Amino acid sequence: MFRSSGQSFKNIRGGGLRTASFSLFALSLSLGFWGKAVPVLHSQEKPPETEIETAPALESEPGAVPVPAAELPPGPAAASAPEAKTETETEIKAEAPVREVTPSVPVPAVPETADEPPAAGNFPNSPEPEKVAIEEKDPNQIRFTAWNLKNYLHVAAPPPAGSTEKSKPPRERAAVTALLTALRPDILGVCEMGAATDLAVLQAELKKAGLDLPNAEWVEGADSSRHLALLSRFPITARQPVTNLRYVLDDSQFPVQRGFLDVTVQVNPGYALRLVGTHLKSRIDVPEADQELMRRNEAHLLRQHLDTILTAAPAANVLVYGDFNDSRDQPSVKAIKGMRGAAAALTEIPAEDDSGERWTFYYPTADEYSRIDFLLASSGLMPEVRKGQAFLPGGSGWSRASDHRPLTLDLTASEAAAPRARSRSKSKASPPAAR
């Protein structure tokens, strides 16, 4: 894995003495240093350079099911300029002192051969735990991470006979564990999880690395391979997955492929957080129907589900997250946000890396950086969201684990502040402050 770009001079011994002894002898005579030791200097070797491993291209996701039912370089500013912050975005104001977080969490190096991820702290050049962990000054401060894990499949059992899908390689799994151990979320919502047994493998590997998330949710949708799942340090008090919704296109019925994850987590006796996860239809064309229309129909069904939640409990703390497979200007994303100014509308929580860039996904086939993963908050949750408390990892280490970057949000789990009125001013979110 490592190579040295420098070369050392040979020590003058053995064969080296035979080739250099006469020259050194003549030189010493001419300089009048007979009998004195002649020093032999060695060039200082340069540090080893790490080979860059190119992540494989994305594997195709399965198409809609009718009834019956990369190491990649970070995106340069020229290739992926931050998306413009429109006037319709809501400004997130700091109503309390901003809690310092790590703006760009370094990803520890993963060994070349790793059937199982090493324990936390055993990675070369890994950051000290106190530099990446949350400071527990406020017991109400919690951290949520949303991440598309890129086919965390078949790690507990081999693929079924005839399947063309591949298991998540051990090296990629180790990179997932390394980054999550550095981020240390209290709640983790993921897309593209395999079977429930695969989720148990991730849970066990995180615990072995020092991140214990004992409570789990796994949603079985029409897509039999890729699922929504969640791990939590806090108890899950309600589970309301949505897996039976269908829509009609060209006289054919289609199910929402991954369904919707819906759980309530009791963070403390006075604070409950409702999390709704989604992974909309991919942008891969399928013969059954137009992929964009399929995604828009799934988005409208999710909006209906959110309307039901927020009509019954307008002040509920609801966080919607996931892979929307569309950019923020597309109809599917706008549908999920809801009508601007409405009581049940959701506010986008901007997340940036330490360079100010917001893209979350790299598609190597098109060499394209895009922002298709989102965090959306209800009006009841917005008082607990502070400016600069959502961020993306910088660098390129994340690409060893997935083709998506994880979004991380720190919340203050307290109902002390009343929900404030929605603002139509321009959002000016900034990356988290450095420690």
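Of the 435 residues of the protein chain, 49% count as buried, a word that stands for under 20% relative accessible area with a 1.4 Å probe and protein chains only. The structure is a predicted model, in which local features need pLDDT of at least 70 and side-chain atom pairs count only at pLDDT 80 or more, while totals for chains, interfaces and linings use all residues. Residues are numbered from 1 along each chain as its sequence is written, and side-chain values use heavy atoms, with hydrogens and water left out.

The chain has 6 helices and 18 strands, which are DSSP runs numbered from the N terminus (helices are H or I, at least four residues; strands are E, at least two). Six strands form an open sheet with mixed pairing, in the order 7-10-11-12-16-13, where two strands pair if DSSP finds at least two bridges between them. Strand 7 and strand 13 are the edge strands, and each pairs on one side only. Strand 13 pairs with strand 16 in the antiparallel sense over 2 bridges, and Glu348 stands opposite Leu376 in strand 16.

| Strand of the sheet | Residues |
|---|---|
| Strand 7 | 236-239 |
| Strand 13 | 347-348 |
| Strand 16 | 373-377 |

Elsewhere, Thr145 lies in strand 3, residues 141-152, and is buried, with a relative accessible area of 0%. Thr145 touches residues including Leu180, Ile187, Pro406 and Thr408, not counting residues up to four places away in sequence; such contact means heavy atoms within 4.5 Å.

Note on methods. Buried means under 20% relative accessible area, exposed over 50%, partly exposed in between (1.4 Å probe, protein chains only).
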